[in-house]
Amino acid sequence: MPVFRQRKARALRIFFATDIHGSEVCFRKFLAAAKVYEPDVLLLGGDFAGKGLLPVLRRGPEWLARLDGQDLAVPAGEYDRLAADITRRGFYPVRMDRDRLAELEADPAALNALFREEIAAQARRWCELAAERLEPHVRCIITPGNDDPVDADPVFAADSRVEFPDCRVTDLGPVSMASLGFVPPTPWNTERECPEEEMAKRIDEMLGPLPAGAACILNFHCPPYGSGLDEAPELDSSLKPVLRGGRPSMVPVGSHAVREAIKRYQPVVGLHGHIHESRGVQKIGRTLCINPGSDYSSGVLRGAVVDLAGDGTCLDFLLTTG
Amino acid sequence: MTGAEASAGPARAVGGEASRLFIRQTSGLVRELGIPAATAISLASVAVVNTFINFNAGLTAFTKADMFLPLFAAAFIWLVAMFAYRYLLRAVPRAGGEYVYLSRVVSPAVGSVAGLGIAVVFTYVLSTNAHFAAQFTPFMLSGLGAAFHSAALANAAGSVTSDTAVFLISLLVMVVVALLSMASVRLVARVIISLIALQLLAFVVLIGVLAVHSRADFAAALAAYSHHPGAYQAIISAGRANGVAFGTSVASMIAIIPFMVLNYNGVLYSYYVGGELRRPGRTYLHASVISLVILVVLWGGVWALLRARIGLPFMQAQANLGAADPAAYGRITSLNSVAGGLGYGMILSSDPVTKILFATAVPLAEVAVNLAFVTVTTRVLFAQAFDRLLPVGVAKVGERNHAPNVAIAIVLIIGAGFCYLTSFVNLSNIVALQSLFFALILLAGGVAAIFLPFRRPELIAGSGMDEGDRATLLRRVTLVGAATTVLALFTVVEIIVHPSVYGRFSAESTITLLVVLGSGPVIYAIARAIRRQRNTIDLALAMHELPPE
């Protein structure tokens, strides 16, 4: 006879990670999490796209690249290895000559287009990798964040192994999951931003039609405002952190609309990201809100394991680092 | 090119011909600790000026002692260990030290041995440091009294020596440390850097003071300070009469090596905050090398000057006479016999600023050490709470300061309790094996590094490496781990065979060590069984490092 009261059996396990920003290491760890944590669903919650593009220049029989502040040269036959090293750091290696480099330096639109091409190409590679590495019974869901260009959407949407349910509700068995990659306006004017009113409208369009009392979870990239999961450094007009009393002033930058939705619909769990440094777990009413944070630049995948029972209640959670 | 090993292939550094990285505008900022902050944590964990007390202890505990060989041999041991920890940090780049390495690389149960043990012993060390600062308060007040020509300050030195006064001062130190620790890690690091700068300044000034004075100057200054015309020679003669053996012996120097290993203890501690370091492997390596070089140069240089200016026979006689026959020593001079170089500097210096520096060096050093130890200890607690081995509330991070406030409060409350016990109860039998525990921590690091290539090779040798590079790297990690283990074992054995110096195995001390080491696995086993019965997430999952593939 058990000494402690046995709880309900687990019906669904989700492994959630977010904000990997093009880190090949983190994506591979994300896929490896399927074997380690044995989840039913792998969920990558936004900001999958990388931030840096690294020109690799040809000079005679060598390729040149500047990596970690050091100029490196490799023989022409070793390009793949150099590219793999660059990719592992979350940057996009692009072979080019000096004329093309000068063109990119002079033309922001051309650079932007190249970034979008590379991000879409990476999305294709990741879909192939997911198909190759994941067991058939593990669902792989990827949703965008504010930093992800829309150019990658069709790649994921067309893929047969990866699901891409942005701005809609997905059935996960015991619970339904609503996903939203939009965030309120940021100082960087990124791809998926909209005013709070529009956020609220998008959320209501997803959650409103759900039957009353139906168990649901939120996969909203933006954390709820003032939850402690949305504390980011306050920035001045030049986007530099504001210091108060000798340290960065931290301010809440989450979404009021997300907070209101949580209070109104009381989902079982809220899975969020966006603010890398606000890793944590908070309760808003009955809702367990989780932001696993991000440390992608160190090649570290931060995540969360969430166990749900057959009736949709949350059994347990675990923040992970690996 | 994920590190030195990978870049050993065809890639090579060239001049500035390659292009810059293009960055697109995206959101997000990440907090990170750089090399200065990591160096500060390492240096502060050592307590730079405490080495004078340790020199004195070495001279007292061993006949014919000299510090050159022990200083350099101990630095070599830490240098080898530094590479072992570097590989561990690269494989598991996060806070928690040996707890995290052992739990991820060897097994969660083994990790829990280190986790709780480190938390308890480091918390006790906090109290002993605070207690030490309190014991040095009379020395500080005497020095300040001399600097300010204040009889009141000098007289106050005599009124803060009771157990109650020592307890209250050590409690005050803990409160100051608590208040400072609640600031962000960066701010704590800045405070620590400032305190270390003061210690280093004291060292540099002491070197200057010793360099410009001769042995005759010191003898004259000691005579004037002691109101005893032949104080210098009298101490040597009294030492000889007390059976002090002068000169040096290799056997004695080898036996002192563990002393100096413990003296450097902390010099690598930036790995405990590995999760907050920018580019952990590189930052840790730079911080550790800088710290080791600073300590070797300063300590070696000061010891050379002390030998030249003060004289080894005098130091040997003073240390042994002060310990064996304090009454006889007190009849010759009132100079604190354990203050070592700081005491010599105090009586040689003529200006008040120098006296203030020497007088305040030890108490300020203890505050710096405790700030660093709170940072380190709370990260170990944090890591265990994060893994659900301790209540999850312990891992709660403050919204404003981003520091683990609950863990800090726990450490400081328990530390204050230890302060009380240290002041009013004789704990010497119970904590006698503390030195052995610190050596076992080093051993744990070596063992974890040996296991790393066999248990989790994928964590250090990623898919980007060819088979040749991979095999070379794994072999190197094994060798570094084995070398660290052998050197740590040497330290452990030396500590065990010199019980009169490093602590005796008694019923109390052995039971204490077993409880400290055994409580972690017991808690792990209970917590895991409870979680299994409740159908909640298995503890072992929390302690599994994700492979890169």
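Residues 1-15 of chain B have a pLDDT that stays under 50. For that stretch, the model has 37 contacts beyond four places in sequence. Please keep in mind that this is a predicted model. Chain B as a whole averages a pLDDT of 84, and 92% of its residues score at least 70. For the complex, the predictor gives an ipTM of 0.73 and a pTM of 0.77.

Let us stay with chain B and turn to a pair of helices. Two packed helices are described by the angle between their axes and the distance between the axes. Here the pair consists of helix H19, residues 434-455 of chain B, and helix H20, residues 467-497 of chain B. Their axes come within 7 Å and cross at roughly 160°. Angles over 145 degrees count as roughly antiparallel, and H19(B) and H20(B) are therefore roughly antiparallel to each other. The crossing of H19(B) with H20(B) is left-handed. Which classes of residue make up this contact? There are 19 nonpolar residues and 8 polar ones, and no charged residues.

I now move to chain A and its open sheet. Six strands form this sheet, in the order E9-E10-E11-E16-E18-E17, and the pairing is mixed. Why is one side of E9(A) and of E17(A) left without a neighbour in the sheet? Strand E9, residues 169-171, and strand E17, residues 280-284, stand at the edges with a single partner strand each, so one side of each has no neighbour there. Neighbouring strands of the sheet are turned by 20° against each other on average, direction ignored.

The partner of E17(A) is strand E18, residues 287-291 of chain A; the two run antiparallel and are joined by 5 bridges. Within this pair, Lys283(A) stands opposite Leu288(A).

Two helices of chain A accompany these strands. Helix H6, residues 196-207, packs on the sheet and touches E9, E10 and E11 of chain A. The direction of H6 makes about 160° with that of E10(A). Helix H7, residues 256-265, lies across E11, E16, E17 and E18 of chain A, and runs at about 55° to E17(A).

Finally, consider strand E1, residues 10-17 of chain A. With strand E19, residues 302-309 of chain A, E1 pairs in the antiparallel sense over 7 bridges, and Arg13(A) stands opposite Asp307(A). With strand E2, residues 41-45 of chain A, E1 runs parallel, joined by 4 bridges. In E2(A), Leu43(A) is the bridge partner of Phe16(A).

Note on methods
Residues are numbered from 1 along each chain as its sequence is written. Chains are lettered from A and ligands numbered from 1 in the order in which they are written. This is a predicted model: local features need pLDDT of at least 70, side-chain atom pairs count only at pLDDT 80 or more; totals for chains, interfaces and linings use all residues. Two strands pair if DSSP finds at least two bridges between them. Axes are lines fitted to C-alpha atoms, for helices over the stretch in contact, and angles run from 0 to 180 degrees between N-to-C directions. Two residues are in contact if their C-beta atoms, placed from the backbone, lie within 7 Å. Angles under 35 degrees count as roughly parallel, over 145 as roughly antiparallel, 65 to 115 as roughly perpendicular and the rest as oblique. A crossing is left-handed if the near helix is turned anticlockwise from the far one by less than a right angle, and right-handed if clockwise. Ala, Val, Leu, Ile, Met, Phe, Trp, Tyr, Cys and Pro count as nonpolar, Asp, Glu, Lys and Arg as charged, and the others, Gly among them, as polar. pLDDT is the predictor's confidence in each residue, from 0 to 100.
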